[in-house]
Amino acid sequence: MKQNQTPIGRREFSIGLGAAALGGFARVQAQSDGPLVLGQSGALSGPAAQLGLQFRQGAKLYFDQYNAQGPRRPVELRSLDDGYEPERCVANTRQFIADDVFALFGYIGTPTSLAALPLATQARLPFFAPFTGAGGLRQPFNRLVFHVRASYDDETALITRQLTHLGLTRIAVLHQNDSYGRAGLDGMVRALAEQRLEPVARATVERNSVDVATGVRTLVEARPEAIVLVCTYGASAAFTRAARKAGYGGNFYNLSFVGTQALSDALGKESAGVVVSQVMPSPYQTTKQITREFLDAIKKGGGQVQANYSSLEGYLAARVFGEGLRRAGERPTREGVVTALESIGPQGVSGFPLSFSASSHAGSRFVEMSMLTGDGRVLV
């Protein structure tokens, strides 16, 4: 029997949306021969594979475009699979350091990025555009680390504002049982506390697992009006299906790292009404310059890359890094690229609002809400 929660409709969603609306380097040499090699460790196989594959496709799309422009030294994106497991990511990072890559780029996920960061810092390698919004990679400030996406605190704050504006105050959280899940949970707890609220229930799911039975029982019994899911697309889809089967009739909210396209694919028609916070503009609407450039690059590249939020984020990350290389001159060094990136001001890159400085590498606070439909579309 269905509980009495009523999922928000498109009109209510739109109303809520409108209202919510280190110094110095030990090695500064340029890699004088061959391409500039960027090392990426990410999930390219396993339950979270679409996150790494889609991000990598978007990044490679831009780097291919960058290399075709000449006559500058080409960029090679070298990707190793870590299956979204920290131990494998550490091994990959050690390999990149041994290979003397120019920088580390586009690492996928919080637990993996946190495991790699001490190695990158010790080796004085720039650590650019990790695919995570966790605060542990932002504080304390590390001059080697650059972020092109907003933080999980920014996302959870907007989610909470929208929910409370809609009059929904009974909010539960399902979170991954690792540093990513804790970062999202902490963000929700802080955002709710500002509204003098707290989660009505909490439950966990293991990384790379879809065993959500215990979480479903715990959260459905608490009768929340909305459940915020801090996990990847496989667990989110499994939980959403199981909770609905158990009679839950409320709302599902996800953070951007869930992988919007992968979640939509996994849920199919059951995607209708599921909400995802986004840290990139819509990859389907041509109102933004970066999206127009992205879609044009896909077309010119033969249409081999699927336009979605994760591939757009990879494209933007590569676009921003390419701007840093351009500003660093014909013979870029690691130190030179870091300094050049710090010169990217409020004007942003390709119309995307992004800004770095010598004291802040948190480039963006852009967040907006989206809702999935049962026919594969994403409404913003």
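The following legends describe close-up views of a predicted model.

View 1. The domain assignment divides the chain into domain 1 (36-150 + 286-344 + 359-365) and domain 2 (152-278). Their centres, taken over C-alpha atoms, are separated by 27 Å. In the contact region, 29 residues of domain 1 meet 20 residues of domain 2. The area buried between domain 1 and domain 2 is about 1,900 Å², with 53% of it on carbon and sulfur atoms. Of the area that domain 1 buries against domain 2, 28% is supplied by Pro-47, Tyr-84 and Tyr-309, more than by any other three residues.

**View 2. The open sheet of 5 strands, with parallel pairing.** The strand order is S2-S1-S3-S4-S5. Strand S2 (75-81) and strand S5 (145-146) form the edges, each pairing on one side only. Helix H2 (residues 49-69) packs on this sheet and touches S1, S2 and S3. The direction of helix H2 makes about 160 degrees with that of S2. Strand S1 (residues 36-42) and strand S3 (residues 103-105) run parallel and are joined by 2 bridges. Leu-38 has Ala-103 of S3 as its bridge partner.

**View 3. The open sheet of 7 strands, with mixed pairing.** Here the strands follow the order S7-S6-S8-S9-S10-S11-S12. The edges are strand S7 (202-205) and strand S12 (378-379), each of which pairs on one side only. Strand S8 (residues 226-230) runs parallel to strand S9 (residues 251-254), and 4 bridges join the two. Asn-254 in S9 is the bridge partner of Leu-229. Helix H6 (residues 179-194) lies across strand S6 (171-176), S7 and S8, and its direction is at about 160 degrees to S6.

**View 4. The largest nonpolar core and the surroundings of Val-320.** Nonpolar side chains tend to be buried together in soluble globular proteins. The largest nonpolar core comprises 101 residues, of which Phe-105, Phe-239 and Val-320 touch the most other members. Helix H11 (residues 309-328) gives the most to this core, contributing 9 residues. Domain 1 and domain 2 each provide at least three residues to this core. Not counting residues up to four places away in sequence, Val-320 touches Phe-128, Val-148, Leu-341, Ile-344, Val-349, Leu-354 and Phe-356.

Note on methods:
Residues are numbered from 1 along each chain as its sequence is written. This is a predicted model: local features need pLDDT of at least 70, side-chain atom pairs count only at pLDDT 80 or more; totals for chains, interfaces and linings use all residues. Side-chain values use heavy atoms; hydrogens and water are left out. Two strands pair if DSSP finds at least two bridges between them. Contact means heavy atoms within 4.5 Å. Axes are lines fitted to C-alpha atoms, for helices over the stretch in contact, and angles run from 0 to 180 degrees between N-to-C directions. A nonpolar core is a set of buried Ala, Val, Leu, Ile, Met, Phe, Trp, Tyr and Cys residues joined through side-chain atoms within 4.5 Å. Buried means under 20% relative accessible area, exposed over 50%, partly exposed in between (1.4 Å probe, protein chains only). Domain bounds come from an automatic or database domain assignment. Buried area is the accessible area (1.4 Å probe) that two parts lose on being put together, summed over both.
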